Amino acid sequence: MTMDGTEVLTRTVTEDEATILDGWTGALRESASLQGGRIREAELQTQAKAVLGQFRDALVAGGLDADGESYAPLRETLADISRSRAIQGFTPTDTANFVFSLKEPVFEALRLKSGADASAQAAGMWAGGKVIDRLGLQTMEVFLASREEVIGRQGQEIAELSTPVVRLWDGILALPLIGTLDSARTGVVMENLLQAIVDEEAEIAIIDITGVPTVDTLVAQHLLKTVAAARLMGADCIVSGIRPQIAQTMVHLGVELNVVSKATLADAFAVALRRTGRKVVRQQVPTEGRG
Amino acid sequence: MTITKAETLPIRSGDDVVRVRQRVRALAIEIGLGLVDQTKIVTAASELARNTLDYGGGGDVRTEIVQAGTRKGLRLIFEDQGPGIADIEQAMTDHYTSGGGLGLGLGGAKRLSNEFHIESTPGAGTRVTIARWK
């Protein structure tokens, strides 16, 4: 009698589904999945039941081809579970173990079913191992893709958050830059600044680079482009926040910022006020004391 | 002169340039460079890493902490297998650029370092070595 592993596996999973489900939820309960309290037991049980049901259907319809058409609903379910776990903050191990912990109850059921027929058991285990491994890997792929999605979205949010244009006074804008100034961010910065110049009818824009750790020629070039664009819109720029070490480095690099620059934002603001015909004066101390 | 610590970092994307900067800054702090010298070597590394990426088509950088007697220094070797530089003298000239930059990177990196050495074979690649001593 030739042993077809797929057949043994399919028969076992179909006939012993309830036992396998019990074994699997038991294993899941013991593993770390539940311990963080991130997922309720009832939810885990529902997921396990749905996955096992679809696994059985897929085995009956499509055999071991985990990438095939018959596995599509199962893959979809696993992808959903994986995605929600990535968001809930599960570790990759927890997520992979959700699928891999199915092996033990399946192998146990195969052992009981095959009895003394060792070749049937071996063939069934090989088939089961192969298909469960493939499903586990697919789950991980989705898990990682979801993580990357989260990271990508955060990157975008940071880019938007970190380039605010602040109105300091009528006609005076400040643009505090923080972090690395690459081409993509310069684009966002320039767009925000130019729009704010129009909206606020600004005469002076202060670009503060206190939070930019390294000013190399590329950053300098981006700054110069932003300044030139603002000038075309009729606003003058002041660059502030040039720390001593940055000043020395820029001199050695040979970069010339043909723009008014100041060491601190406060100095730059004072210049801007003066240019727009304003002055900050200390209020007279009231002659009547506070009592 | 002995090398006490060496490692190699890849330069394949813009993010790698940021990582190179961060690593160089950490190493500069480790050998006790002052704030100005840290900024100088980090900026020079940034220029050369970007050249490796933009003009050399990517490559890697080898960072070495070197010791000569009681002096410690940081040496960086940028290497790529790109098209190379035909006229090094022209490339070193300020405001000359074959791309769209300011044309100050190579000359600037030289002025920011204590030692600077460049060798390039057209068609085979470029290797730039800089060092900053404490």
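**Figure 1. Chain A meets chain B in this predicted model.** Chain A puts 16 residues into the contact, and chain B puts in 21. On the side of chain A that touches chain B, two elements give two or more residues: helix H9 (217-232) and helix H10 (244-253). H10(A) gives the most, with six residues. By class, the residues on this side of chain A are five nonpolar, nine polar and two charged.

**Figure 2. H10 of chain A crosses H4 of chain B.** Helix H4 of chain B spans residues 105-112. The axes of H10(A) and H4(B) come within 7 Å. They cross at roughly 125 degrees, which makes H10(A) oblique to H4(B). Which residues make this contact? From H10(A) come A:Thr249, A:His252 and A:Leu253. From H4(B) come B:Gly108, B:Arg111 and B:Leu112. Two residues of the contact are nonpolar, three are polar and one is charged.

Figure 3. Read from the N terminus, the order is β-α-α-β-β-α-α-β-β. Chain B has 134 residues, and 39% of them count as buried. Among contacts in chain B with a separation of 6 or more, 65% join residues 24 or more positions apart.

**Figure 4. Helices H1 and H2 of chain B pack together.** H1 covers residues 14-30, and H2 covers residues 35-54. Their axes lie 9 Å apart, at an angle of about 150 degrees. H1(B) is therefore roughly antiparallel to H2(B), since the angle is over 145 degrees. The crossing of H1(B) past H2(B) is right-handed. On the H1(B) side, the contact is made by B:Val17, B:Val20, B:Arg21, B:Val24, B:Arg25, B:Ala28 and B:Ile29. H2(B) answers with residues including B:Ile41, B:Val42, B:Ala45, B:Ala49 and B:Leu53. B:Asp37 and B:Arg50 of H2(B) also take part. In this contact, 10 residues are nonpolar, two are polar and four are charged.

**Figure 5. The largest nonpolar core has 63 residues.** A:Ala205 and A:Ile206 have the most contacts inside this core. H2(B) supplies the largest share, seven residues. What does A:Ala205 touch, leaving aside residues up to four places away in sequence? The list is A:Leu173, A:Leu175, A:Leu193, A:Ile197, A:Ala230, A:Ala235 and A:Cys237. Another core, of 29 residues, lies apart from the largest one. Among its residues are A:Leu9, A:Ile20, A:Phe55 and A:Phe98.

**Figure 6. A:Glu201 has a positive phi.** Its phi is near 50 degrees, and the residue is not a glycine. A:Glu201 sits in the loop between helix H8 (183-200) and strand S3 (204-211) of chain A. Is A:Glu201 buried or exposed? A:Glu201 counts as exposed because 10 C-beta neighbours lie inside 10 Å, and the cut-off for exposed is 12 or fewer.

**Figure 7. B:His95 also has a positive phi.** Here phi is near 70 degrees, again in a residue other than glycine. Where does B:His95 lie? B:His95 is in the loop between helix H3 (88-92) and H4 of chain B. With 10 other C-beta atoms within 10 Å, B:His95 is exposed.

Technical notes: Residues are numbered from 1 along each chain as its sequence is written. Chains are lettered from A and ligands numbered from 1 in the order in which they are written. This is a predicted model: local features need pLDDT of at least 70, side-chain atom pairs count only at pLDDT 80 or more; totals for chains, interfaces and linings use all residues. Axes are lines fitted to C-alpha atoms, for helices over the stretch in contact, and angles run from 0 to 180 degrees between N-to-C directions. Helices (H or I, at least four residues) and strands (E, at least two) are DSSP runs, numbered from the N terminus. Angles under 35 degrees count as roughly parallel, over 145 as roughly antiparallel, 65 to 115 as roughly perpendicular and the rest as oblique. A crossing is left-handed if the near helix is turned anticlockwise from the far one by less than a right angle, and right-handed if clockwise. Two residues are in contact if their C-beta atoms, placed from the backbone, lie within 7 Å. Ala, Val, Leu, Ile, Met, Phe, Trp, Tyr, Cys and Pro count as nonpolar, Asp, Glu, Lys and Arg as charged, and the others, Gly among them, as polar. A nonpolar core is a set of buried Ala, Val, Leu, Ile, Met, Phe, Trp, Tyr and Cys residues joined through C-beta atoms within 7 Å. A residue is buried if 20 or more other C-beta atoms lie within 10 Å of its own, exposed if 12 or fewer, and partly exposed in between; C-beta atoms are placed from the backbone.
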